[in-house]
Amino acid sequence: PRRCGATVMGKNRERHLRDECPNRQALCPDGCGHRMLGANLASHRSTCPMGVLLDRAERAVQENAIRELHLALERIHEERNRAAARLWARGEQGLLERGW
């Protein structure tokens, strides 16, 4: 249906369209609120503001750097608010209500 070239059996069609198709519209799994083609998810990770902050927080935990972790978490919350505003602006409030 999205002309990705995949041959998908009927029982797997919905999963493919929802989770696997490179031509699907996908929401950033790291929570920045951006939508993109599924094929672009991997490249988005390196520039995703939320992904960068989550990596920063992970490094702080590994290094036991409490101050750095605190700063990273503050920025994560700020970015989460910006992501919520992006979703709200696109009329996707339902994602926020479902705990996205």
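Student: Which residues make up the largest nonpolar core?
Tutor: This is a predicted model. In soluble globular proteins, nonpolar side chains tend to be buried together. Here the largest such core has nine residues: Cys28, Cys32, Met36, Cys48, Met50, Leu53, Ala57, Ala72 and Ile76.

Student: Which helix gives the largest share of this core?
Tutor: H3 and H4 each supply at least two of the core residues. The largest share is three residues, and the helix it comes from is H3.

Student: Which residues of H4 are buried?
Tutor: An α-helix has 3.6 residues a turn, so residues three or four places apart point the same way. Two of the buried positions in H4, Ala72 and Ile76, also belong to the largest nonpolar core.

Student: What length does H4 reach from its first C-alpha to its last?
Tutor: H4 covers residues 66–89, which is 24 residues. At 1.5 Å a residue, 34 Å is expected. The span in the model is close to that, at 35 Å.

Student: Which residue with positive phi follows H4?
Tutor: After H4 comes a residue whose phi is near 75°. That residue is glycine 91.

Student: Where is asparagine 64, and is it buried or exposed?
Tutor: Asparagine 64 lies in the loop between H3 (49–62) and H4. Its phi is near 55°, a positive value in a residue other than glycine. The cut-off for exposed is over 50% relative accessible area. Because asparagine 64 has 61% relative accessibility, it counts as exposed.

Student: Why does histidine 44 count as buried, and what does it contact beyond its neighbours within four places in sequence?
Tutor: Histidine 44 is in helix H2 (residues 41–45). Buried means under 20% relative accessible area, and histidine 44 counts as buried because its relative accessibility is 13%. Cys28, Cys32 and Met36 are members of the largest nonpolar core. Leaving aside neighbours within four places in sequence, the contacts of histidine 44 are Cys28, Cys32, His34 and Met36.

Student: Which residues does arginine 45 contact, apart from its neighbours within four places in sequence?
Tutor: Arginine 45 is also in helix H2. With a relative accessible area of 32%, arginine 45 is partly exposed. Apart from neighbours within four places in sequence, its contacts are Asp30, Gly51, Val52 and Asp55.

Student: What separates the C-alpha atoms of arginine 45 and tryptophan 88?
Tutor: Along the chain, arginine 45 and tryptophan 88 are 43 residues apart.

Conventions: Residues are numbered from 1 along each chain as its sequence is written. This is a predicted model: local features need pLDDT of at least 70, side-chain atom pairs count only at pLDDT 80 or more; totals for chains, interfaces and linings use all residues. Side-chain values use heavy atoms; hydrogens and water are left out. Helices (H or I, at least four residues) and strands (E, at least two) are DSSP runs, numbered from the N terminus. The expected span of a helix is 1.5 Å times one less than its number of residues. Buried means under 20% relative accessible area, exposed over 50%, partly exposed in between (1.4 Å probe, protein chains only). Contact means heavy atoms within 4.5 Å. A nonpolar core is a set of buried Ala, Val, Leu, Ile, Met, Phe, Trp, Tyr and Cys residues joined through side-chain atoms within 4.5 Å.
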